[in-house]
Amino acid sequence: MNQRQSELLKAIVETYIKTAVPIGSKSLCKKFKCSSATIRNDMAKLESLGYIEKNHISSGRIPSEEGYKYYVENLMEVKELTGEDVLQLQTVFSNSKLEVSDAIEKCVDIISDITNYTSIILGSTSKDNTLQQVSIIPLSDNKIVALVCTDKGIVENKQYTLPDDTMVSEVVKTSEIINKMLIGIPINEVSKRLEFDIKPIIAKKVKQYEQIYSIFYDAFNDFAKNTSNVHMSGQVKLLHQSEFQNSEDIKRILSKFDDEDIVKRIESKDNGINVYIGDDSEFDKDVTVIKTKYHKNGEEGTIAVIGPKRMEYDRVIGLLKYISDNLNDEEDN
């Protein structure tokens, strides 16, 4: 493929992304200052290479999946954020009162608003966090705070009011037994180990062990739910794209958003910003998924944008790069 053909492919991809209208040779003649015959020959070459394909409705050509991949890898120039985009995101980054998870959710909502695509956060799952320590903080004779800490630095706390016949010292004693026996166990396995390993021991050593067992069981269950974080923004926005006007397509996409196992396949295992088009997305043959990992103050996960294959790649990648540069811990950048 020569230089003009590369530039022609870039123009076809970027024009189709903006207009969703198949591209004919006449519309490209003026831009490239070539005859219609020359453009047609070059388009025939691009079609033979598998980078563009015929559209069923018109005589024009549209980018193929391979054409989009070639464009992203070789021709695309990442777009700088507008001043307005930067201002919206910096408002989030500069708000020191926001928890990391809340800041990431706000960023994802902003991405969806800016792009009109669907944005997803897949936070750390409980199996990725192991128990580091359980602490009991007495607030009064019958009130405590249970703190659960993981090896990733995530801390969850919950306040409990103890029954009148349950002593704070007995709860503390139970926490010490848990710390001796369950440190290093994945959070999603702790509840099971509580029942089979800890409960028989505290039954012999702790008064009112059933109530105390329930306190810790609830605390670990809540933690496991909270650390399996999926947040979606703008699911319906994807369906506003011209590619998804067929009722069957709409049903298919919506059912996938509702399927937790399919959504969790989006989780990123690779560093950097990665683009998965069509079947490579592992979500749907008609979409592109662009995703990146984040790591901040012990919290980690994936931020992903789902759009049509006719996605504004340069803009989405620019947004994710800006968020990654400003959000992640310094050693990760």
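**Exercise 1.** In this predicted model, find what covers the buried residues of helix H11.

*Solution.* The cover includes strands E3 (118–123), E7 (230–233), E9 (287–296) and E10 (299–308), along with helices H10 (235–238) and H12 (260–264).

**Exercise 2.** Which residues of H11 (residues 247–257) are buried, and how are they placed around the helix axis?

*Solution.* Step 1: apply the cut-off, under 20% relative accessible area for buried. Asp249, Ile253, Lys256 and Phe257 are buried.
Step 2: look down the axis of H11. The buried residues fall within an arc of 105°, so they line one face of the helix.
Step 3: recall the helix repeat. An α-helix has 3.6 residues a turn, so residues three or four places apart point the same way.
Step 4: turn to the other side of H11, where Glu248 and Lys251 are exposed.

**Exercise 3.** Identify the residue that caps the N-terminal end of H11.

*Solution.* The cap is asparagine 246. One of its side-chain oxygens is 2.7 Å from the backbone nitrogen of glutamate 248.

**Exercise 4.** Give the strand order of the open sheet and explain why one side of E7 and of E8 has no neighbour in the sheet.

*Solution.* Step 1: the five strands follow the order E7-E3-E10-E9-E8, with antiparallel pairing.
Step 2: E7 and E8 (273–277) are at the edges and have a single partner strand each, so one side of each lacks a neighbour in the sheet.
Step 3: on average, neighbouring strands are turned by 20° against each other, direction ignored.
Step 4: take one pair. E3 and E10 run antiparallel and are joined by six bridges; serine 119 has valine 305 in E10 as its bridge partner.

**Exercise 5.** Which strands does helix H6 (residues 100–115) touch, and which does helix H13 (residues 313–327) lie across?

*Solution.* H6 packs on the sheet and touches E3, E7, E9 and E10, its direction making about 160° with that of E3. H13 lies across E8, E9 and E10 and runs at about 10° to E9.

Methods
Residues numbered from 1 in each chain as written. Predicted model: local features only at pLDDT ≥ 70, side-chain atom pairs only at ≥ 80, totals over all residues. Heavy atoms only, no water. Buried < 20%, exposed > 50% of the residue type's maximum accessible area, 1.4 Å probe, protein only. Helix = DSSP H or I, 4+ residues; strand = E, 2+ residues; numbered from the N terminus. Arc of directions from axis to C-beta. Contact = heavy atoms within 4.5 Å. Polar contact = N/O pair within 3.5 Å; in protein donor to acceptor, adjacent residues only side chain to side chain. Pairing = 2+ DSSP bridges. Axes fitted to C-alpha atoms, helices over the stretch in contact; angles between N-to-C directions.
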